Amino acid sequence: MIYLFWWLFQDLLQVLVHGWILAPDVFLMALLFALPLKDHEGGLLLWVAFLGGILWDLRWSGLIGLTGGLYVMALMGMKGIWELVPPSAKGFRIVLGLVLGFHFIVGLLRLLFFGGQGEALFVQFAGQQLGGALVALLSYLSYIGERSSFHE
């Protein structure tokens, strides 16, 4: 249910910033954060990502399956890399780096598929990535706040 909230939040952001920048993929970021940090049944997040991406394509892009496929590939890549990280190095900062990296890759691939070019498209992409970085920063601050309140 929380993922529905993040999908709707991303949709609201897209409505508000449409024409200026691309909305950050907060739905994808929520799924990527949840993958290593929470225990999920196998495959559930992949289905959620795929269906969320299909809905996004139906609502915004019109190229049905592109966003769903990119979201699923990002989750599978995150899972594969996360399993390669040694247990002693697994932490929130690694998760944060991976989430930002996959957010960047998905945004860039979507941009390449639509074949746009020019300064306006670069500004939209840069705005999307800055929005994603802001979401990651807020997540990190929330994580630090939870840790400090837990230890008090």
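Predicted model: local features only at pLDDT ≥ 70, side-chain atom pairs only at ≥ 80, totals over all residues.

Reader: Which kinds of elements does the chain have, and in what order do they run?

Author: The chain has six helices and zero strands. Starting at the N terminus, the order is α-α-α-α-α-α.

Reader: What makes the radius of gyration of the chain agree with that of a compact globule?

Author: Set the two values side by side. For 152 residues, a compact globule would have a radius of gyration near 15 Å, and the chain has 16 Å, so the two agree. As for extent, the C-alpha trace spans about 50 × 30 × 30 Å along its principal axes.

Reader: How many of the residues are buried, and what share of the contacts join residues at least 24 apart?

Author: Buried residues account for 38% of the 152 in the chain. If we take contacts between residues at least 6 apart in sequence, 63% of them join residues at least 24 apart.

Reader: Why is Gln14 called buried?

Author: The word applies under 20% relative accessible area. Gln14 has 8%, so Gln14 counts as buried. This residue is found in helix α1. Leaving aside neighbours within four places in sequence, Gln14 is in contact with Leu22, Ala23, Trp56 and Trp60.

Reader: And why is Ile64 called exposed?

Author: Here the cut-off is over 50%. Ile64 has a relative accessible area of 55%, so Ile64 is exposed. Its place is in the loop between α3 and α4. Leaving aside neighbours within four places in sequence, Ile64 is in contact with Ile54, Asp57 and Leu58.

Reader: How far apart are Ile64 and Gly132, in sequence and in space?

Author: They are 68 residues apart in sequence. From C-alpha to C-alpha, the distance between Ile64 and Gly132 is 23 Å.

Reader: How do you know where empty space is left?

Author: A probe the size of a water molecule is rolled over the atoms, and that shows where space remains empty. In this model, the largest pocket holds about 670 Å³ of space. It is lined by 22 residues, and the closest to its centre are Trp6, Met29, Ala30, Phe33 and Ser139.

Reader: Which helix gives the most to the lining of the largest pocket, and how does that lining divide by class?

Author: The most comes from α6, with eight residues. Helices α1, α2 and α6 each supply at least two residues of this lining. By class, the lining of the largest pocket has 17 nonpolar, three polar and two charged residues.

Reader: What volume does the second largest pocket have, and which residues lie nearest its centre?

Author: The second largest pocket has a volume of about 330 Å³. Among its 19 lining residues, Gln14, Leu22, Ser61, Arg110 and Phe114 lie nearest the centre.

Terms used:
Residues numbered from 1 in each chain as written. Heavy atoms only, no water. 1 Å grid on protein atoms, 1.4 Å probe; cavity = no way out; pocket = protein on both sides within 12 Å on 5 of 7 lines; lining within 4 Å. Points joined across faces, edges and corners; volume = space filled by probe spheres on them. Helix = DSSP H or I, 4+ residues; strand = E, 2+ residues; numbered from the N terminus. Nonpolar A, V, L, I, M, F, W, Y, C, P; charged D, E, K, R; others polar. Rg over C-alpha atoms; globule rule 2.2 N^0.38 Å. Buried < 20%, exposed > 50% of the residue type's maximum accessible area, 1.4 Å probe, protein only. Contact = heavy atoms within 4.5 Å.
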